[in-house]
Amino acid sequence: HAEAKSWFVRGAKQQPDQTDKWQGLIETAGFWGALKEAERARNAGDWASAAQHASKALAMRPHDVDALTEKASIHLGMKEYAEAERLFRLALSAPVAADNAEGNKGKPTLNQTALRGVLTVFLAQQRLAEANGLLENLRQQFTASRQDIDMIEADFLSQEAEKHLAQGETSPAIQLLEQAVKLNPQAAWT
């Protein structure tokens, strides 16, 4: 992104009559560069740097779903659950438009990354009833994404079952795994 940004700066100097076009490209490269640096730092466990880069990206585009999700993921990694949930919910409430061959052009689709993030927060805090309520609401709101929601819920239930198994609670774990298989039969190994 830094290299692209430098090329755009050169282009702006060579075409001063098209400053707006070049400035937009420069800002876009800066945004995606900051977001990529945030992701790199998060993956390395450098939370302070990750938060700084994600904040820079959000300052450029305060409602960008990718920036919101990245910043939320950073807070999740730092176990700052309230802020992670707030940002994941913001990203979840701003669904992306689908452009595919199935006739969904322009129709909102579910932000699966944000949903997985909110569910991870709920799982960490043992807020299972809220997770179930959210999933049911989303199934009604995003009817075209029901299968995706089912698969995400199956993953969520499998994670919860693993927690029960780790505590020696086999009966609730089996019930959760049976529910997971019903939601996503193709992943019976969950």
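Let me start with one definition: a contact here means heavy atoms within 4.5 Å. We'll need that when we get to the packing of the helices.

Hi everyone. What you see above is a predicted model, where local features need pLDDT of at least 70 and side-chain atom pairs count only at pLDDT 80 or more, while totals for chains, interfaces and linings use all residues. Residues are numbered from 1 along each chain as its sequence is written, and side-chain values use heavy atoms, with hydrogens and water left out.

First, confidence. pLDDT is the predictor's confidence in each residue, on a scale from 0 to 100. The chain averages 84, with 77% of its residues at 70 or more. Where pLDDT is low, the predicted coordinates should not be read in detail.

Now the overall layout. Helices and strands are DSSP runs numbered from the N terminus (H or I of at least four residues for helices, E of at least two for strands). We have nine helices and two strands, and the order from the N terminus is α-α-α-α-α-β-β-α-α-α-α. Buried means under 20% relative accessible area, exposed means over 50%, and partly exposed is in between, using a 1.4 Å probe and protein chains only. By that rule, 38% of the 190 residues are buried. Of the contacts with a separation of 6 or more, 47% come from residues 24 or more positions apart.

Let's walk to helix 6. Helix 6 has 13 residues and spans 18 Å from its first C-alpha to its last, close to the 18 Å expected at 1.5 Å a residue. That expected span is 1.5 Å times one less than the number of residues. Which residues of helix 6 are buried? They are Ala-114, Leu-115, Gly-117, Val-118, Leu-119, Val-121, Phe-122 and Leu-123. And here is the packing I promised: the buried residues of helix 6 pack against helix 4 (65-77), helix 5 (81-92), helix 7 and helix 8 (146-166).

Both ends of helix 6 deserve a look. Asn-111 caps the N-terminal end, with a side-chain oxygen 3.2 Å from the backbone nitrogen of Thr-113. After the helix comes Gln-126, whose phi is positive, near 55 degrees.

Arg-127 sits in the loop between helix 6 (112-124) and helix 7 (128-141). Is Arg-127 buried or exposed? Arg-127 is buried, because its relative accessible area is 19%. Leaving aside neighbours within four places in sequence, Arg-127 is in contact with Glu-85, Val-121 and Phe-122.

A polar contact is a pair of N or O atoms within 3.5 Å; within protein, one must be able to donate a hydrogen and the other to accept it, and residues adjacent in sequence count only if both atoms are side-chain atoms. The side chain of Arg-127 makes a polar contact of 2.8 Å with that of Glu-85, and another of 2.9 Å with the side chain of Glu-130.

On to salt bridges: a side-chain nitrogen of Lys or Arg within 4 Å of a carboxyl oxygen of Asp or Glu. The whole structure holds eleven of them. One joins Glu-85 and Arg-127, with the closest N and O atoms 2.8 Å apart. This pair links distant parts of the chain, since Glu-85 is in helix 5 and Arg-127 is in the loop between helix 6 and helix 7, 42 residues apart. Glu-85 is buried too, at 12% relative accessible area. Glu-85, Arg-89, Arg-127 and Glu-130 are linked in a network of salt bridges.

Finally, helix 7. Glu-136 forms a salt bridge with Arg-139, the closest N and O atoms being 3.5 Å apart. An α-helix has 3.6 residues a turn, so residues three or four places apart point the same way. Glu-136 is partly exposed at 37% relative accessibility, whereas Arg-139 is buried at 6%. Arg-139 also meets Asp-150 in a salt bridge of 2.8 Å, N to O. That pair links distant parts of the chain: Arg-139 is in helix 7, Asp-150 is in helix 8, and they are eleven residues apart.
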